[in-house]
Amino acid sequence: TWGVIHGLLLLVGTAAVMIGFAAGLMYVIQAYRLKHKLPPKGKLRLPSLEWLQRFNRECLYVSAVLLLLGLLAGVVLKFNREAASVGWMDPLVLWSAVLFSWLVGVGAFEYAYRPAREGHKVVYLTLASGILLVVAMAIVLIYGHAGADTSKSEADAAWAGVFSPVMGVCFLVLGRPMFAFSARICGGERR
């Protein structure tokens with residue numbers, strides 16, 4: 001049952017990130033349309049910028065909570081299994097922790113810094129979250145996870161042994177510039 005809980009929470013959390021990503025794209029399109037005074041194309045009318053902004057923020061918070069619960073269910077699952085097939089250094093486990101850390105960092109940044117809650121800022125952070133999620137999905141496609149075939153060739157095992165530390169170093173190296181970049185974007189326009 002923990003496996004089902006783990007999978008469902010991560011699935012719904014992933015869906016929340018992607019819905020927020022789609023709302024972010026709608027925000028960018030709507031803002032461009034309004035800035036350039038373009039009429040809506042076709043019969044599709046996008047929601048207001050305020051609604052999209054609020055929805056983006058809510059998706060960010062919901063996805064962070066669901067991913068946290070999914071990761072915790074995965075930890076419980078790992079401890080309950082006698083022979084857990086997914087290690088702590090699995091690329092997907094590490095990248096899920098990176099994605100969760102990013103979402104928590106963005107949420108804390110928005111909470112602490114009021115201008116980050118307004119305008120394009122929340123959208124840019126949500127779009128970055130969607131990109132990180134796409135990387136996590138690519139890792140699933142490349143390496144598989146849990147229920148996937150665990151028989152790896154020697155070359156795959158060697159590559160995974162190289163990839164995990166490299167990904168950790170990349171997170172340490174890129175984490176600070178990513179937060180500095182988001183702080184610069186969000187701090188650039190004060191109201």
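**View 1. The largest nonpolar core of the predicted model comprises 19 residues, and those with the most contacts inside it are Leu-67, Trp-95, Leu-99, Trp-102 and Leu-103.** A nonpolar core is here a set of buried Ala, Val, Leu, Ile, Met, Phe, Trp, Tyr and Cys residues joined through side-chain atoms within 4.5 Å, where buried means under 20% relative accessible area, exposed means over 50%, and partly exposed lies in between, with a 1.4 Å probe and protein chains only. At least two residues of this core come from each of helix H1 (2–35), H2, helix H3 (91–112) and H4, and H3 gives the most, with eight residues. Apart from this core lies another one, of nine residues, among them Phe-21, Tyr-27, Ala-31 and Leu-49. In soluble globular proteins, nonpolar side chains tend to be buried together. The model is a predicted one, in which local features need pLDDT of at least 70 and side-chain atom pairs count only at pLDDT 80 or more, whereas totals for chains, interfaces and linings use all residues. Residues are numbered from 1 along each chain as its sequence is written, and side-chain values use heavy atoms, with hydrogens and water left out.

**View 2. The protein chain has five helices and zero strands.** Helices (H or I, at least four residues) and strands (E, at least two) are DSSP runs, numbered from the N terminus, and the elements follow one another from that terminus as α-α-α-α-α. Of the 191 residues of the protein chain, 36% count as buried. Among contacts in the chain with a separation of 6 or more, residues 24 or more positions apart account for 80%, contact meaning heavy atoms within 4.5 Å.

**View 3. H3 and H4 pack at an angle of about 175°, with their axes 9 Å apart.** Axes are lines fitted to C-alpha atoms, for helices over the stretch in contact, and angles run from 0 to 180 degrees between N-to-C directions. H3 and H4 are therefore roughly antiparallel to each other, given that angles under 35 degrees count as roughly parallel, over 145 as roughly antiparallel, 65 to 115 as roughly perpendicular and the rest as oblique. On the H3 side, the contact includes Trp-95, Leu-99, Trp-102 and Leu-103, which face a set in H4 including Leu-125, Leu-132, Ile-139 and Tyr-143. The residues of this contact divide into 18 nonpolar, one polar and one charged, with Ala, Val, Leu, Ile, Met, Phe, Trp, Tyr, Cys and Pro counted as nonpolar, Asp, Glu, Lys and Arg as charged, and the others, Gly among them, as polar.

**View 4. H1 and H4 pack at an angle of about 135°, with their axes 8 Å apart.** The two helices are therefore oblique to each other, and H1 passes H4 in a left-handed crossing, that is, one in which the near helix is turned anticlockwise from the far one by less than a right angle, clockwise being right-handed. Among the contact residues are Thr-14, Val-17, Phe-21 and Tyr-27 of H1, together with His-120, Thr-126, Leu-133 and Met-137 of H4. By class, the residues of this contact are twelve nonpolar, seven polar and no charged.

**View 5. Helix H2 (residues 49–80) packs against helix H4 (residues 120–143) at an angle of about 40°, with the axes 9 Å apart.** H2 and H4 are therefore oblique to each other, and their crossing is left-handed. Gln-53, Asn-56, Arg-57 and Leu-60 in H2 meet Val-122, Val-123, Thr-126 and Ser-129 in H4, a contact with three nonpolar, four polar and one charged residues. Arg-57 counts as buried, at 19% relative accessibility, and its C-alpha atom is separated by 8.0 Å from that of Thr-126, 69 residues apart along the chain.

**View 6. Lys-37 is found in the loop between H1 and H2.** Lys-37 is exposed, with a relative accessible area of 75%, and its phi is near 55°, a positive value in a residue other than glycine. Most residues other than glycine have a negative phi.
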